[in-house]
Structure formats: structure tokens, C-alpha cells
Amino acid sequence: MIGAAGAWPAPARAAPDDAGTSRHVAIAARIAGDDNRVRLVLDFERKPDFALRYLENPDRVVIDLPETVFAFPDDALQPRGLVSSLRYGSSGEGRARMVFELAAPARMELVEATEEAEGSIHRLVFDAVAIDRAAFSTRVAESVWSDSAKDPAKTDASPSDTLTIVIDAGHGGIDGGAEGPAGSMEKDVTLAFAEAFKAALEQEDGIRVAMTRTDDSFLSLSARVRKAREEQADLLISLHADSINIKSLRGATVYTLSDKASDALAQSLADQESGDEAIVGASLDDAPEAVAAILVDLARTETRVFSTGLARQVLQSFEGQVKLINNPLRHAGFRVLQAPDVPSVLVEMGYLSNREDEKLLTDEEWRQDTARLLAQSVQNYRKTILAGRR
């Protein structure tokens with residue numbers, strides 16, 4: 001959930017201890033209303049405790065929750081009426097948070113708590129209602145921020161605010177990847193860009209960088225995913241510059257993981273990149289088969305939400321600065337993106353099959369500028385995470 005709708009901290013790692021006892025799951029959400037009243041409906045798989053708090057400058061309502069997987073669709077909650085923006089995600093060990101920025105002072109109250117579907121759904125219904133400034137300021141003053149629920153406007157950064165980014169330079173070694181009309185090899189283009197991207201990220205605060213490869217060596221897709229998980233990556237960004245039969249096609253694209261490709265082009269590239277590698281999943285050897293399947297499914301649901309948010313940040317940074325193809329946010333079953341607990345995107349920087357793109361992809365100035373834009377998108381993503389944690 002990003003842009004108009006929110007922010008995401010990195011998802012909790014799937015582990016056998018998580019099975020159905022500690023984490024809540026928000027399985028559905030919806031919002032409706034106008035400038036005077038907005039209704040928020042949240043459906044959980046079991047009843048959560050919650051606390052409401054208020055903040056000024058800007059005016060916000062915070063709903064603090066126990067550790068929660070937000071498994072509803074990206075577009076389920078969109079700002080409207082009194083709610084000018086919103087974000088949600090982890091806010092620290094064992095906690096989650098929803099933050100609603102207000103267009104005008106308002107109070108939020110629980111108006112209904114019911115059980116649906118024979119007790120399998122626990123529904124909470126909140127109403128945000130416009131109030132005057134004095135009444136809102138009173139609510140702000142009465143809000144208590146304990147150590148376990150700190151004021152998001154006042155918490156200092158901590159080591160936990162550091163994001164670990166793993167950069168994956170596509171191809172390498174005997175796998176040269178695509179080749180451009182002028183002879184440029186994809187494996188060289190991606191490594192050069194990865195190095196520029198790493199340098200740009202290292203200029204940003206709160207970011208640690210690792211690379212899947214630092215030289216012209218072959219690395220299987222499964223090894224790339226394993227590297228990200230070994231580094232406990234918060235993000236994996238895989239860089240590519242493929243070739244396509246449509247020579248006129250040019251521009252950047254950002255891909256996220258999906259079981260079904262968004263279009264024929266996405267499917268073609270996924271097939272081209274993935275080969276016959278086995279899908280890499282979480283290490284859950286000690287978990288019962290049914291429990292492991294549930295954990296991986298929950299982790300993937302949460303991770304894909306975060307991955308889509310990162311992809312949108314990348315495209316926002318590129319907009320007007322880097323040429324994009326039509327519908328630049330696409331998805332397919334790329335194997336390198338399939339770690340269930342690492343948010344991942346594949347950035348197609350351009351197409352070596354297009355002469356104009358090849359010139360740009362091998363131009364050092366373009367590479368440096370684009371790497372800085374990509375690094376800024378990661379920093380923007382990090383800032384939304386910090387906003388959700390605080």
C-alpha cells in the first residue's frame with residue numbers, strides 16, 4: 001500500500017512459531033464517506049485488541065493493533081472525504097499500526113464489533129466524524145503514548161530503521177543474457193548499473209547494501225534468492241535489460257511477482273529469465289506440511305503488497321525523468337522474485353534490442369542519473385516504513 005493509500009514496513013519472516021497464535025490477519029477492508037463522516041470496516045480472522053490515538057500537525061488518527069498481516073487487496077482502502085491519506089503496516093516487534101491523515105479535525109469511534117460467518121470473521125466498524133479544533137486538540141492531549149506505542153512524530157531513528165537492500169545484477173558468466181545491435185551484453189550492462197546503484201544507495205542514510213554478484217560470474221536464480229534471504233534483505237531489486245522481438249519497443253518497466261502474467265510480454269520475459277529453475281520457498285523443513293503452506297501463503301500475500309508499493313515508488317521517481325513503456329507496472333512469475341518473505345521487484349531498465357535504449361544503457365551519465373533516481377525511490381520507500389513504525 002503506497003502512494004495515495006499507505007506505507008509498508010518489511011513483512012515479518014515466516015517461521016513455524018507464527019502458526020495461528022501470534023499474528024492476526026486483516027482479511028478485508030473497505031472505506032466510504034464524505035467530508036463530514038467516513039466509515040471504515042475491517043474484517044479479521046480473530047478479534048484483535050486496539051487503541052485509538054490522535055496527533056496534530058498534521059491531524060491524524062492512529063489505530064494501534066497487535067501484530068497483523070494486512071492481507072486485503074492494495075486498492076481496498078483509498079483516501080476519501082475526511083481521510084486525505086492513509087498507511088498501514090508493522091510498527092515494531094509484535095505490533096501493527098494504521099495511520100489516517102485527516103482533511104479536517106475528526107474523532108474516530110468504534111461503532112460496531114460483530115462476528116460474521118459463524119464466528120470465523122471478526123468485524124470492526126469505525127466512524128470518523130468531523131469535530132471542531134478545540135475538541136480535536138483535547139483528544140490529542142489525552143492520547144497516551146507508551147513505550148510500546150510511541151508518538152510517530154517524535155520517535156528518533158534506531159538501528160531497526162536500517163533497510164538491507166540486495167541488488168541483483170541479472171545474468172553473468174556463461175549466461176550473457178541479451179545482446180544489443182552494437183554488441184552490448186546484458187550481463188555487463190546490469191553489473192555496471194548495479195555498481196552505480198550501490199554507490200547511489202550508499203549516499204543515503206539508513207541503508208545497507210549487498211550484491212548477489214560483484215563480477216562476471218554465473219549465479220543460478222535459486223542462488224540469487226538464497227543470497228537475499230541469507231542477507232535478511234528487506235528488499236531485493238533485480239536489474240535487467242532484455243531483448244524483445246518488437247525492436248521499436250523501448251523504455252523501463254517494473255515487474256512484481258504474480259501467479260498469472262499481466263500480459264503476453266510479461267509472460268515472455270518471465271519465461272526467458274526463469275528457465276527451468278525450481279521455485280525457491282521459505283525454509284520450513286521442521287513445520288508440518290499444512291502449517292508450512294499456510295505460513296508461506298500468508299508471507300507471500302504480505303510480501304506482494306510491499307513489492308507492489310516499492311514498484312510504484314520506482315515508477316514515481318522515474319516519471320518524467322526516465323522513458324517508460326506503456327503500462328510500466330506489470331507482473332509475472334519471475335523466479336528471482338519468489339522468496340516468500342523478501343519484497344522484490346525486477347527493474348527492466350530498457351531493451352537492448354532497441355538501438356536508442358542500448359545507447360542509453362551504455363551511457364555513463366544516464367546510468368548515474370538513473371541510479372540516483374532508483375536510490376531515491378528506495379529512500380522514499382524507507383521513509384514510508386519509518387512513518388508506519390512511529
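**Aromatic pairs and strand pairing**

Phe-70 is buried in this predicted model, its relative accessible area being 4%. Because buried residues are those under 20% relative accessible area, Tyr-88 belongs to this class as well, with a value of 1%.

The structure contains 6 aromatic pairs. A pair of aromatic rings is described by two quantities, the distance of the centres and the angle of the planes. One of the pairs in this structure is formed by Phe-50 and Phe-126, whose ring centres are 5.2 Å apart. The planes of these two rings stand at 85 degrees, so the arrangement of Phe-50 and Phe-126 is edge-to-face; the cut-off for this class is an angle over 60 degrees. Phe-50 is located in the loop between strand 2 (37-44) and strand 3 (51-55), whereas Phe-126 is part of strand 9 (residues 121-130). The pair therefore ties together parts that are 76 residues apart in sequence. As for accessibility, Phe-50 counts as partly exposed, at 30% relative accessibility, while Phe-126 counts as buried, at 1%.

The rings of Phe-70 and Tyr-88 likewise have their centres 5.2 Å apart, but their planes are at 55 degrees, so this pair is tilted. An angle of 55 degrees falls in this class because stacked planes are under 30 degrees apart and edge-to-face planes over 60. Phe-70 lies in strand 5 (residues 68-70) and Tyr-88 in strand 6 (residues 83-92); the pair therefore ties together parts that are 18 residues apart in sequence. Phe-70 and Tyr-88 are also joined with Phe-72 in a cluster linked by ring pairs.

Turning to the pairing of strands, strand 4 (residues 60-66) and strand 7 are joined in the antiparallel sense over 7 bridges. Within this pairing, Asp-64 is placed opposite Arg-97 of strand 7.

The side chain of Arg-330 reaches the backbone oxygen of Asn-327 at a distance of 2.8 Å.

Methods
Residues are numbered from 1 along each chain as its sequence is written. This is a predicted model: local features need pLDDT of at least 70, side-chain atom pairs count only at pLDDT 80 or more; totals for chains, interfaces and linings use all residues. Side-chain values use heavy atoms; hydrogens and water are left out. Two strands pair if DSSP finds at least two bridges between them. Helices (H or I, at least four residues) and strands (E, at least two) are DSSP runs, numbered from the N terminus. Rings of Phe, Tyr and Trp (its six-membered ring) pair if their centres lie within 6.5 Å; planes under 30 degrees apart count as stacked, over 60 as edge-to-face and the rest as tilted. Buried means under 20% relative accessible area, exposed over 50%, partly exposed in between (1.4 Å probe, protein chains only). A polar contact is a pair of N or O atoms within 3.5 Å; within protein, one must be able to donate a hydrogen and the other to accept it, and residues adjacent in sequence count only if both atoms are side-chain atoms.
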